[in-house]
Each structure stands twice: as C-alpha cells, then as structure tokens.
Amino acid sequence: MKYAIIASTVTVAGLLLITFLKATPAPSPLEAEAEEHVIQTAVQDTMPEEEYPFQKSETEWKEILTDKEYRILRESGTELPWVNEYNGNKKEGLYVCGACGQKLYSSEHKYESGSGWPSFWKPLADSLVGEREDNSLWMTRTEIVCSNCGSHLGHVFDDGPQPTGLRYCMNSAAMDFIGDDEMASSEESKDM
C-alpha cells in the first residue's frame, strides 16, 4: 500500500510537471524541428531491438488508436489514478490488449490494490506479457508490455497478494474488457 501511494504521488507530480511544461511558449519552427530530431534520435536509440508478432508502423498505430490510447500504449504514458475505466470494474471476464486484442488478464486475478489503477496478481500466462526496465520518473521500475505487439500496459511491483506477491498495475486505456456474457453470446453466434 505504501508503494502504491508513493507511485500515485510521483505519477501525479510528473503529470503536473508535463502540464506545466506544455504551458510554456512554443519554440520557433527551427527550434521545434531540431528538438523533434533529438527526440526521434533518442527514441530510436532507446527502443528495444525486439520484434513482435503483431507489427504496425507508428503512423498505422496513430490511425487506429485514440490520442489517449496512443500516448499510453505506444509512448509509455500513464493515466490518472482513480479516474480510469477499469479500476472499479467488478464484472467477470477478460482484459485484452487495447492495441492488438491479445488476452492478458482474468477478472479472477484482479484485486483492489488501493493504487487507483486496475491491479492483477498474475497474467493469464507469463508468456502473454513482457518486461522491460523503466528508469523514468526518477526511479527504476519494471514496465509490462504486451508480448504480441510490444505496447506499454503498465508496471509490475512486488507488493501484491499471495500466491505471487506481485501487483500488475495496469492502465485502463491500455486494455479492453470483454465480459463473460459478451464472450458467451459471441460463442453462441459462432455455433449458429
């Protein structure tokens, strides 16, 4: 719980800093072009060499994802705690990647962590998610990505419940929820 509060506080502080920085005057077109080149070069230099089965160009991702989904899934953003779609979701079903649709988590493994984000103590299978070291926000964390498309989902911490002791703290905007009732009606229509 202590780590969840610290993570929430740091995230909110980071978001406030970003908001403040966005309020500063826009650079000249020449400065903006130079800054964009530096950012693109830095991103290219830090992007993993991994290949994922489900591939799209960033232009294609921008066409199929909302701005919020793109910021979170493709740019490793974070949504605000408590005011996201699935934190309080109590329905039974599956959570899938919001970018490629790969099944990730079951409602059976979801729990109330007090962090403000939907939290799970394990994925459906370890092979469905990948881990990367994340050194942003002045700390080292373990980022969780979809193993099918490489999209950012959230982070994992070691302050979760047993039997794993893990807390997969995910962004609602990085996932879609498919309720058991929706899956059952989908299966029925396939049988017809």
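In which loop does P163 lie? P163 sits in the loop between β7 and β8 (167-170). Helices (H or I, at least four residues) and strands (E, at least two) are DSSP runs, numbered from the N terminus. A cis peptide bond, with omega about 20 degrees, joins Q162 and P163.

The model is predicted: local features need pLDDT of at least 70, side-chain atom pairs count only at pLDDT 80 or more, and totals for chains, interfaces and linings use all residues. Residues are numbered from 1 along each chain as its sequence is written, and side-chain values use heavy atoms, without hydrogens and water. The chain has a mean pLDDT (the predictor's confidence in each residue, from 0 to 100) of 82. Of its residues, 70% reach 70 or more. Over residues 19-48, pLDDT stays under 50.

Strand β6 (residues 141-146) is largely enclosed by the rest of the structure, because five of its six residues are buried. Buried means under 20% relative accessible area, exposed over 50%, and partly exposed in between (1.4 Å probe, protein chains only). Two strands pair if DSSP finds at least two bridges between them. Strand β5 (residues 129-134) runs antiparallel to β6, joined by six bridges. G130 has V145 of β6 as its bridge partner. Four bridges pair β6 with strand β7 (residues 152-157), again antiparallel. Here I144 is bridged to G154 of β7. Five residues separate the strands in the β6 and β7 hairpin, where G150 takes a positive phi near 80 degrees.

The loop between α4 (67-73) and β1 (93-97) holds S76. S76 is not a glycine, yet its phi is positive, about 60 degrees.

Conventions: Contact means heavy atoms within 4.5 Å.
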